[in-house]
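Hello,

Please find the structure below. My notes on what was found follow it.

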Amino acid sequence: MLDVDSHKRSNPLEVLRRVWGYQEFRGMQGDVVDNVMSGQDTLVLFPTGKGKSLCYQLPAICLDGTAIVVSPLVALMRDQVEELKELGVAADALWSEQPPAEAADVKRRLRAGEMKLLYVTPERIAAGGLEAMVGRGGLSLIAVDEAHCISFWGNNFRKDYLALGRLKEMYPGVPIVALTATADPHTQKDIVKLLNIPHAEVFVDSFDRKNISYEILPRSNPRGQLLDFLKRHEGESGIVYCLSRKKVEETVEWLNESGIRAKHYHARLDPAVKAANQDAFRLEEGLCLVATVAFGMGINKPNVRYVVHLDLPSSIESYYQETGRAGRDGLPAEAFMVFGMQDIVQRSRMIDEGDASDQIKRIERAKLNALVGICETTACRRQAILGHFGEQHPGRCGNCDTCTKPIETWDGTEAAIKALAAIYRTGERFGVGHVIDVLIGKLTEKTKRFGHAELAVFGAGKEFNAPSWQSIYRQLLTLNLIRVEHDEFGAMKLQESAGAVFKKERSVTLRRDRSVTRGAKRSSETSSYSSRSGLSADDREVFESLRQERLAIAKELGVAPYVIFPDTTLIAFATSRPSTLDEMLEISGVGPTKLDRYGARFLDALEVALR
Ligand code: ADP
Ligand code: ZN
């Protein structure tokens, strides 16, 4: 461990360089650190990946005494403790189901004043008595991580967090630092109010995650679309979200049959399997984790290279939170989603059949509509998403699908009239599949049975194929010209506003969906992340061998590879190729402790790779 007292005379920047090996603060980190060190309450609103942890870890190292960090999940606490220990910082955790001998040891070291950071669950700190446990240095600060869990408004409300409202009373004079990646102003107000920190200085960083690219495609052939996407991410780790447990299981089985190494995760999985799969995701590289939204919080892995949504999430907030798990290390990452009309129908049904109050249901419907708006937009997706969070972006980000492959629009009035007429003539009793069969003149058992082959609209829409009509119907739904009755097996009905289209008083502009399987160019691109990070073929090979070495060390020590060195550091090794320990120390992410532990091994690995 580092000599705890040696930091006292250091300024924060020196500690950043000495402990983490980072050269500069990122964004507003430096200002936050100053504020915390001056003893003031602080609220930190940074998006995922901007480096929130450092905002309390660094002051904790510099200040006298022990910092308490409240964290909602044991897995998350242990991950952070592991990382700090690798940096040579005295940190540990206390939680309820901890083996007694281990807990006793933590408490002993705490009393001896040896601990700079102690991670605890909310119940543990609310139970009180921690102050008596810490040594003469007392408490330096209290950090409340994932502070949005205190708000009933957000989607991660935790009852235990409410007890944190008493902290200010229990430990007056100890500064509180609350941190969250949830931007919503309502949640922000709740945090300040419920934690009792009305005078907290608030630091808000831009929520733009520049390194994440966004792509949203209409679902046509979801397995082909997914496979196509995953081929570009060979050897990389990522998450594939599905709505249901059943779909998670089917998808993972099919992926493994298709030669993609995948594991699954959902709330009802056997706890041992769940833990094993979560561990595998942390400890291994190149694993695809197929999961419901039960998976995610507490995943600290910085090199998640992609997040896929095979089903529509419930809101833009959820979409952003889930996709935000990609690319925390700042290297390029992809968010990819497929969606279709069925998603909108299914989500609406979940809202309607839920037991929330009418007011909450109205909010949920509005949230769903806002998300569908993002899916259907022809403008820059990043601009639309950030706009939803109240942040202005000039658009044309150059890193979303609507920017890199602009969407064409077309006058779809005639098509809309045909589509609406087909619903009307078949009696507003049928789902989208059958109505499309009628439009394209497909003779099925059903079209014959209901006499729909005799209608004038039968075969009237042969100029488009079925996927195109799907796209048209989805857009009519978004435009609120039709609705879908889920209690009548998805029957489409006309909305009053459809009248104006029939009478040609209203024209309909539609987006021309890109052909739903990717164009040849895109799928033949080899864009694994080492190549996307701009590495030459040579450097990429070196990087791969360094990655192997890191994995080997991680296995020996039983820790996650990223706590040894982040990918950004390995990439810097591969490109600048240090040949001495001194040169290595110059590289971002290399501090003296890690240099001491791993420097020689990576120098050897470099030498072998360059032979
Ligand atoms: P958050 O909690 O905001 O999602 P983390 O604290 O997990 O972000 O940090 C994300 C990643 O960025 C980590 O790998 C961390 O080590 C790295 N990081 C944080 N601050 C800096 C910095 N000043 N320079 C370089 N990397 C940093
Ligand atoms: Zn864009």
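Donors are N, O and S atoms within 2.8 Å of the metal (3.2 Å for Na, K and Ca), and because water is not among the atoms, sites may look incomplete. The donor residues of the zinc ion (ligand 2) follow the sequence spacing C-x16-C-x2-C-x2-C.

This is a predicted model, in which local features need pLDDT of at least 70 and side-chain atom pairs count only at pLDDT 80 or more, while totals for chains, interfaces and linings use all residues. Residues are numbered from 1 along each chain as its sequence is written, chains are lettered from A and ligands numbered from 1 in the order in which they are written, and side-chain values use heavy atoms, with hydrogens and water left out.

**Zinc site.** Cys380, Cys397, Cys400 and Cys403 each coordinate the zinc ion (ligand 2) through SG, at 2.3 to 2.4 Å. The site is tetrahedral, with angles of 101 to 119° among the four donor atoms (four donors count as tetrahedral if all angles lie between 85 and 135 degrees). Cys397 has a relative accessible area of 23% and Cys403 has 22%, so both are partly exposed (buried means under 20% relative accessible area, exposed over 50%, partly exposed in between, with a 1.4 Å probe and protein chains only).

**Asp205.** This residue lies in the loop between β7 (201-204) and β8 (212-218) (strands are DSSP runs of E, at least two residues, numbered from the N terminus). Asp205 is buried, at 14% relative accessibility. Beyond its neighbours within four places in sequence, Asp205 is in contact with Gly27, Met28, Leu45, Phe46, Pro47 and Lys50 (contact means heavy atoms within 4.5 Å).

Regards

Technical notes. Four donors count as tetrahedral if all angles lie between 85 and 135 degrees; four count as square planar and six as octahedral if opposite donors are over 155 degrees apart and all others between 65 and 115; anything else is irregular. Helices (H or I, at least four residues) and strands (E, at least two) are DSSP runs, numbered from the N terminus.
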